[in-house]
Amino acid sequence: MIVFRNLTKSYHVRGRRKTVASNINVIFPTGISVGLLGRNGAGKSTLLKIIAGATDPTSGEVISDGSVSFPVGFAGSFHPDMTGAQNTRFVARIYGADTSALVDYVADFSELGVHFHLPFRTYSAGMKSRLAFGVSMGLQFDTYLIDEITAVGDARFKQKSRSIFMDRLSRSGAIFVSHSNGMLRELCTAGAVLEAGNLEYFADINDAIAHHEYNMGK
């Protein structure tokens, strides 16, 4: 269960105050996959970062009764001068995971070969995504955060990634940000719409999509 309690987040943009969350009080039930919808610039990615603990709210709090992932596939926190293996070990230590087990898992999953032991700054965009996705899937969380994840690699690798991802979702909840309504309908049972700082939860993803489309048509 993830609880938003009096959550407010605002910041200044070009001399003006932008409000992403305005005294939000919402509960996401345990084990549910929730699609997070909202127009461009509404603050969906910022809200995910607050849930992950990567960004502080202006006031209020987000409470979880289980473990919450960093955004799946996010490579922004990897150190450019550390190798893929070293970055993987570092993440394992942060989350209290078995270091050797995670390194072995990511090395096998990512299929980076010798590049796994080269500095992260030498990686192509696709290689960075493979490493980041592998690290995300190698750690077990009660809730996964997914921000516009894009599969990389050939058809075989994409299918492997999807199979592993669906296996994780069979045992965990998730919060998805995606502009693909088809993907949200496929992967989510519930939804939440972020509009003008307000977050409204819907037990049915189709109701959430309909409400979002209504907002977009205003």
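The following conversation walks through a predicted model, topic by topic.

Student: Before anything else, what kind of model is this, and how are residues numbered?
Tutor: It is a predicted model, in which local features need pLDDT of at least 70 and side-chain atom pairs count only at pLDDT 80 or more, while totals for chains, interfaces and linings use all residues. Residues are numbered from 1 along each chain as its sequence is written, and side-chain values use heavy atoms, with hydrogens and water left out.

Student: Which domains does the protein chain have?
Tutor: The assignment gives domain 1 (1–66 + 174–215) and domain 2 (80–138). Such bounds come from an automatic or database domain assignment.

Student: How far apart are the centres of domain 1 and domain 2?
Tutor: Their C-alpha centres are separated by 29 Å.

Student: Which residues of α3 are buried?
Tutor: Leu-102, Val-103, Val-106, Phe-109 and Ser-110 are the buried ones. They cover an arc of only 140° around the axis, which places them on the same side of α3. The arc is that of the directions from the helix axis to the C-beta atoms. Buried means under 20% relative accessible area, exposed over 50%, and partly exposed in between (1.4 Å probe, protein chains only).

Student: And which exposed residues are on the face turned away from that buried side?
Tutor: That face of α3 carries Ser-100, Asp-104 and Asp-108.

Student: What do the buried residues of α3 pack against?
Tutor: They pack against α2 (84–94), α4 (125–138) and α5 (155–169), where contact means heavy atoms within 4.5 Å.

Student: Then which residues are buried in α5?
Tutor: In α5 the buried residues are Phe-157, Ser-161, Ile-164, Phe-165, Arg-168 and Leu-169. Viewed down the axis of α5, they fall within an arc of 140°, so they line one face of the helix. The buried residues of α5 pack against several elements, including α3, α4 and β7 (173–177).

Student: Changing topic: how many aromatic pairs are there?
Tutor: The structure holds 13 aromatic pairs. Rings of Phe, Tyr and Trp (its six-membered ring) pair if their centres lie within 6.5 Å; planes under 30 degrees apart count as stacked, over 60 as edge-to-face and the rest as tilted. One of the pairs is Phe-28 with Tyr-201, which is tilted, at 5.6 Å centre to centre and 35° between the planes.

Student: Where do Phe-28 and Tyr-201 lie?
Tutor: Phe-28 is in strand β2 and Tyr-201 in strand β9, so this pair ties together parts that are 173 residues apart in sequence. Phe-28 is buried at 3% relative accessibility, whereas Tyr-201 is partly exposed at 25%.

Student: What geometry do Tyr-105 and Phe-109 have?
Tutor: Tyr-105 and Phe-109 form a stacked pair, with 6.2 Å centre to centre and 5° between the planes. They are four residues apart in helix α3 (residues 99–110), about one helical turn. Ring pairs also link Tyr-105 and Phe-109 with Phe-133, Phe-157, Phe-165 and Phe-176 into a cluster.

Student: Which charged end sits over the ring of Phe-109?
Tutor: That of Lys-160 does, 4.8 Å from the ring centre. The charged end of Arg-130 sits over the ring of Phe-157, 3.8 Å from its centre. The criterion is that NZ of Lys or CZ of Arg is within 6 Å of the ring centre and within 35 degrees of the ring normal.

Technical notes:
Helices (H or I, at least four residues) and strands (E, at least two) are DSSP runs, numbered from the N terminus.
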